[in-house]
Amino acid sequence: MAKSRRENRAKRVNLTRDWQKGDFDDEHTLRERWTREGSEPRQKVKKKNQHEFDYINSFIGMVLEVHRRTCTVQNLETKELINCRYGVSITTEEHRLPAVGDKIKATKEIISGDFYAVEVLPRKSALVRPGPDDRYNKKLVLAANIDQVVVISSVLEPDFNYGFVDRFLLAANLSNLDLTIILNKIDLVSEIPEELEEFKNVAKIIPISAQNKKGLDALTEVLKDKVSVFSGQSGVGKSTIIRKIIPGLDIKTGEVRIKDGRGRHTTTASSLFELPFGGQVIDTPGIRGLGLLNLPVQELAIIFPGFEDLYQNCKFNDCSHTHEPGCAVIEAIENGKLSVARYHSYLRIMDSINTQRT
Ligand code: GDP
Ligand code: ZN
């Protein structure tokens, strides 16, 4: 009996997935892969050795940006930027998707002449987006091999965005990375609001005024000799800060040439900055937003940093740590064992997840 279109599609998707994982070994060059109708099988050609890589002339590069099918890679030796394709060409099973900051081995594919990422080298660290696994059943890695996450915010114009900072705090905590908050435009206020001061307990906070060059020494000290990922909403002064710490840099016109395997050149805005005092800053569009859309509230109550040794002692095992009697988290706050600031972050994140749902 003929199967429904939906069933046939599901079968195709499963087969493709197996093939991508390498579980599906097709020995025949021409073979009936799946049938639409029993009477009229569709023949599909699967070419053997679709890719032939020139392994001898491979190079090691660093991933600066990740797009749907390609990634922008900087050749670590020549400093050239090259667009590389990625996907099933990557042999390392655990890193199918390259992330910003990844070191990869890339080379030319002989037939097409395109550059491909063929291997993602082991990661030193990874900034992981909290939440359910992505389609390769791995956590989505937003950035790799970084030393710290730096969130840029402003006290005013635009207002300090707690939700934005909280999410990065959660992600950095889960990924065992340090979080630094640059608090810009302090020239606009007479003093730093108390609620904001509270972040001191959970992150490094550097008040600056990029315009008046205040606090830049403290910032330099934090960034020196480290690989930092910058993230901030537009308008907070990120470009101003980068311009102040790298004198002589003009990011608006700081376009760099990028080439593909066929020798075609295009330009792109630079997203990796070498600091004159040592260290690097990665400023990339890919990690500007950090959605927690699919994170269930119950999971947040368990994974929230600092709660891991506590939630099992709560009276109810689905405790949301807000109003329940016998809550070990609330008890820890009362005993001063858990920071109030961190608990506020938790409440705000939970609140934002709840409002997304409704
Ligand atoms: P970006 O979108 O984060 O790159 O922000 P910009 O660097 O373009 O800055 C946005 C606006 O904020 C500009 O009008 C800047 O002049 C202003 N700005 C940047 N730093 C400061 C600061 O320290 N104090 C004040 N008052 N304004 C600033
Ligand atoms: Zn509880």
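**Largest cavity.** I looked up what lines the largest cavity of this predicted model, and found that strand S10 gives the most to that lining, with three residues. S10 covers 148–154, and both S10 and helix H2 (162–174) supply at least two lining residues each; helices (H or I, at least four residues) and strands (E, at least two) are DSSP runs numbered from the N terminus. The lining as I listed it consists of Ile152, Ser153, Ser154, Pro158, Asp159, Phe160, Asn161, Phe164, Val165, Gln233 and Val236. By class I noted six nonpolar, four polar and one charged, where Ala, Val, Leu, Ile, Met, Phe, Trp, Tyr, Cys and Pro count as nonpolar, Asp, Glu, Lys and Arg as charged, and the others, Gly among them, as polar. The volume of the largest cavity came out at about 60 Å³, and the search of the whole structure gave two cavities of 30 Å³ or more. A cavity here is a set of points on a 1 Å grid over the protein atoms alone where a 1.4 Å probe fits but cannot get out, and lining residues have an atom within 4 Å of a point; points are joined across faces, edges and corners, and the volume is the space filled by probe spheres set on them.

**Ground rules.** I kept to the numbering from 1 along each chain as its sequence is written, with chains lettered from A and ligands numbered from 1 in the order in which they are written. For this predicted model, local features need pLDDT of at least 70 and side-chain atom pairs count only at pLDDT 80 or more, while totals for chains, interfaces and linings use all residues, and side-chain values use heavy atoms, with hydrogens and water left out.

**Around the lining.** Pro158, a lining residue, sits in the loop between S10 and H2, and I found a cis peptide bond joining Glu157 to Pro158, with omega about 0 degrees. I also checked Asn161 against Gly232: the two are 71 residues apart in sequence, with their C-alpha atoms 9.8 Å apart in space. Gly232 belongs to strand S13 (residues 227–232) and counts as buried at 5% relative accessibility, buried being under 20% relative accessible area, exposed over 50% and partly exposed in between (1.4 Å probe, protein chains only).

**Zinc site.** Which residues hold the zinc ion (ligand 2)? I found Cys314 (SG), Cys319 (SG), His321 (ND1) and Cys327 (SG) as its protein donors, at 2.2 to 2.4 Å; donors are N, O and S atoms within 2.8 Å of the metal (3.2 Å for Na, K and Ca), and since water is not among the atoms, sites may look incomplete. The angles between the four donor atoms run from 103 to 113 degrees, so the arrangement is tetrahedral, a term that requires all angles to lie between 85 and 135 degrees. The donor spacing in sequence reads C-x4-C-x1-H-x5-C. Cys314 and Cys327 both lie in the loop between helix H6 (297–303) and helix H7 (328–334), so the pair ties together parts 13 residues apart in sequence. Cys327 counts as buried at 5% relative accessibility, and His321 is buried with a relative accessible area of 1%.

I found zero disulfides, a disulfide being a pair of cysteine sulfur atoms within 2.5 Å. For Cys84, the nearest cysteine sulfur is that of Cys71, 5.5 Å away.

Technical notes. Four donors count as tetrahedral if all angles lie between 85 and 135 degrees; four count as square planar and six as octahedral if opposite donors are over 155 degrees apart and all others between 65 and 115; anything else is irregular. On a 1 Å grid over the protein atoms alone, a cavity is a set of points where a 1.4 Å probe fits but cannot get out, and a pocket is an open set with protein on both sides within 12 Å along at least five of seven lines; lining residues have an atom within 4 Å of a point.
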